[in-house]
Amino acid sequence: MSVDPAQLDRDHLWHPFTPQRDWCGEEPLVIERAEGSQLIASDGRRYLDGASSLWCNVHGHRHPGIDRAVIEQLGRVAHSTMLGLSHPGAAELAARLVDLAPPGLSRVFYSDSGSTATEIALKMAFQYQQQRDGQEARRTSFVHLRDAYHGDTIGSVSVGGIDLFQATYRPLLFQTHAAEPGDAADLERVLAAHREEIAAVIVEPLVQGAAGMLVHPPGYLRAVRKLCDRFGVLLICDEVATGFGRTGTMFACEQEQVAPDFLCLAKGLTGGYMPLAATLATERVYEGFLGAPEEQRTFFHGHTYTGNPLACAAALASLDAFERERTMLRLQPKIRLLTELLDEIEAMPEVAEVRGRGFMVGIDLGEHDATLRLGDRVTLEARKRGAIIRPLGNVIVLMPPLSISKGDLRRLVEITGESIAAAHDAAYAPAAAIATPAPLPRAA
Ligand SMILES: *Cc1c(COP(=O)(O)O)cnc(C)c1O
């Protein structure tokens, strides 16, 4: 039977965050294979993976060490359960994550996506406060930042701040308090106004990714930590996007010497190989859940594929690669190169601002009529030139694998610059130039 995946896709698939009517009117790009920083389409064409396959690839595709670790694990067991049983990979990975994470985070609770990692932190923080003595049980609410993104499940959407993702579901969402990103005085006002109601503050440390790579001013995260301590509130750091080297350090928290009460990890955890997430918590939080079973202090939460052995094997191999390949050391000159290359992009008349930290970059094209779909046009132009990138509205995101070569990094930024210019020209071309030409007379 010959199957055309593109046709099957149009007939049966439903894509995430995708206006399906337009999708079905276009020819989908079908990725069949990948190698290092390149994705290979079904027609054999190669593309630079400029978005790390949605912000998660770290050491490149088909990494020999990670491939081997997953294959070896297949020879043992693909899946068992963490409910009532344990396995070596989950235990070893937990120990290594605790070792790497900011001090004080000593317990690892697994799940399978960034959304569940944050959802779990919210539920843990809430239950922890409920199980404390006296007044603290009144702490039932959360503070988040405006334009925040913490995932797509109802709990994680409730603490999100992006209207487009929230508006439809508003009646389903729980009540929260929003603070202005990067403004410690505003957070202080919110915490002071709701002194005894707040269970936890949730933030994306240093860079709010989905907001369009919004960068917080230096010192902000440290100020957030201090305020949480002053008001007796737990701090949840969502490092789903910033974790595993993205911002130039293993975790963004390190840059401000901040240790949160919860650390949420997902995207880069397995090097971008498999769905695995972890919510790290402090021993103080963990101890709040201890007691005789009949006291019902247990955390009643767990996903079927939690701590999947294949995913844990990939994550362990990814951490090995960080050590063996000295990934963080070798990243530093590439960050400097990227910063230099982006100076030229920022100087382009079509570009309003370039923001970001490390290998987490947003190129803001400024305000444009939404019907021009400028960001999408840039993506299509980049595709013609051999790179896969994905915009957030009119912000072009560059998030290459940490392992990308300097040559490929140069090429990626070059393609991005050319694509921005070409998309801008096409979008603002005088009407005459884009009008459909008169039909040619039919050849006799
Ligand atoms: C992507 C992301 C999430 C959600 O992760 P999923 O795996 O897509 O559920 C949560 N928080 C942040 C900061 C993210 O970038």
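**Ground rules.** Since the model is predicted, local features need pLDDT of at least 70 and side-chain atom pairs count only at pLDDT 80 or more, while totals for chains, interfaces and linings use all residues. Residues are numbered from 1 along each chain as its sequence is written, and side-chain values use heavy atoms, with hydrogens and water left out.

**Entry 1, cavities.** I searched the whole structure and found two cavities of 30 Å³ or more. A cavity here is a set of points on a 1 Å grid over the protein atoms alone where a 1.4 Å probe fits but cannot get out; lining residues have an atom within 4 Å of a point. Points are joined across faces, edges and corners, and the volume is the space filled by probe spheres set on them.

The largest cavity has a volume of about 50 Å³.

At least three lining residues come from each of domain 1 (13-62 + 326-434) and domain 2 (66-324), with bounds from an automatic or database domain assignment.

Where does His-63 sit? I found His-63 in the loop between α3 (52-55) and α4 (64-74). Is His-63 buried or exposed? His-63 is buried, at a relative accessible area of 9%; buried means under 20% (1.4 Å probe, protein chains only). Leaving aside neighbours within four places in sequence, His-63 is in contact (heavy atoms within 4.5 Å) with Tyr-273, Ala-321 and Glu-325.

A nonpolar core is a set of buried Ala, Val, Leu, Ile, Met, Phe, Trp, Tyr and Cys residues joined through side-chain atoms within 4.5 Å. The largest one has 77 residues, and Leu-93, Leu-191 and Phe-244 are among those touching the most other members. Helix α13 (residues 327-346) supplies the largest share of this core, eight residues. Both domain 1 (13-62 + 326-434) and domain 2 (66-324) give this core at least three residues.

Definitions and conventions. 1 Å grid on protein atoms, 1.4 Å probe; cavity = no way out; pocket = protein on both sides within 12 Å on 5 of 7 lines; lining within 4 Å. Helix = DSSP H or I, 4+ residues; strand = E, 2+ residues; numbered from the N terminus. Buried < 20%, exposed > 50% of the residue type's maximum accessible area, 1.4 Å probe, protein only.
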